[in-house]
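Colleague: I'm new to this one. Could you walk me through how to read it?

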Amino acid sequence: MSDATDKSPPQAETAGMQNISELLSYAFALETEAYERYSELADMMDTHHNKQVAELFRKMAHHEKQHGEQIRQWAEEQNLSILTKVKYKWTSPEGPETADPGDMHYLMTPHQALTLALHNEQRAHRFFADIVEQTTDEEAGKLASHLAEEETRHVSWMQEWLDKFPATEDGWDEDDDPPVLQD
Ligand code: ZN
């Protein structure tokens with residue numbers, strides 16, 4: 001087993017990883033995080049009676065879960081272990097901190113939810129794209145480039161969806177059964 005990676009908990013934005021096992025661990029953590037956050041966003045949109053966006057987030061959650069599963073299986077087939085202590089956390093577009101459930105307001109509008117998702121898809125893309133640029137391991141580079149491409153697709157889905165919703169207006173967090181598609 002390897003050395004340097006086992007010392008301190010790796011930072012989420014560690015790039016330039018030099019082996020495929022490490023990359024798979026990060027990819028798995030990233031997909032798992034995305035699955036969890038999309039599920040939460042879907043629940044939130046449900047309480048918002050926004051079926052449309054809830055459905056979109058459920059679809060994304062499902063997609064990310066499957067993808068994580070693929071990565072896990074693939075690692076298994078290659079006899080590579082996934083480092084479960086590797087963590088990857090979504091951030092909010094405004095700040096550096098984690099976008100955990102506590103930060104997500106239950107009245108979050110579709111526009112806000114989609115902005116959050118878009119931000120994190122872009123971040124995921126950058127994460128893998130950085131690895132492509134920095135790694136010297138050919139296999140890791142190939143996989144990272146495949147994963148980066150996948151994230152590009154997610155980014156454009158989110159962008160497309162975001163364009164369908166009006167920007168959030170003042171008073172979005174006042175609970176008076178706010179209409180969603182008003183202009
Ligand atoms: Zn994604």
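This is a predicted model: local features need pLDDT of at least 70, side-chain atom pairs count only at pLDDT 80 or more; totals for chains, interfaces and linings use all residues.

Colleague: Which residues coordinate the zinc ion?

Modeller: To read a metal site, look for the donor atoms around the ion. Here E121 (OE), E151 (OE) and H154 (ND1) coordinate the zinc ion at 2.0 Å. Along the sequence, the donor spacing reads E-x29-E-x2-H.

Colleague: Is E151 buried or exposed? And H154, buried or exposed?

Modeller: Buried means under 20% relative accessible area. E151 has 1% relative accessibility, so it counts as buried. H154 is buried too, at 0%.

Colleague: How many aromatic pairs does the structure hold?

Modeller: There are 5 aromatic pairs. One of them is Y26 with F127, a tilted pair with 5.7 Å between centres and 50° between planes. That pair links distant parts of the chain: Y26 belongs to helix α1 (residues 20-47) and F127 to helix α3 (residues 110-134), 101 residues apart. Y26 is buried at 0% relative accessibility, and F127 is buried at 2%.

Colleague: What does F127 do with F128?

Modeller: F127 and F128 make an edge-to-face pair, 5.4 Å centre to centre, with planes at 70°. Planes over 60 degrees apart count as edge-to-face, so this pair qualifies. F128 is buried, at 0%. Y26, Y88, F127 and F128 together form one aromatic cluster.

Colleague: Where does the charged end of K164 sit?

Modeller: Over the ring of W161, with 4.8 Å from the charged end of K164 to the ring centre.

Methods:
Residues are numbered from 1 along each chain as its sequence is written. Side-chain values use heavy atoms; hydrogens and water are left out. Donors are N, O and S atoms within 2.8 Å of the metal (3.2 Å for Na, K and Ca); water is not among the atoms, so sites may look incomplete. Buried means under 20% relative accessible area, exposed over 50%, partly exposed in between (1.4 Å probe, protein chains only). Rings of Phe, Tyr and Trp (its six-membered ring) pair if their centres lie within 6.5 Å; planes under 30 degrees apart count as stacked, over 60 as edge-to-face and the rest as tilted. Helices (H or I, at least four residues) and strands (E, at least two) are DSSP runs, numbered from the N terminus. A charge sits over a ring if NZ of Lys or CZ of Arg is within 6 Å of the ring centre and within 35 degrees of the ring normal.
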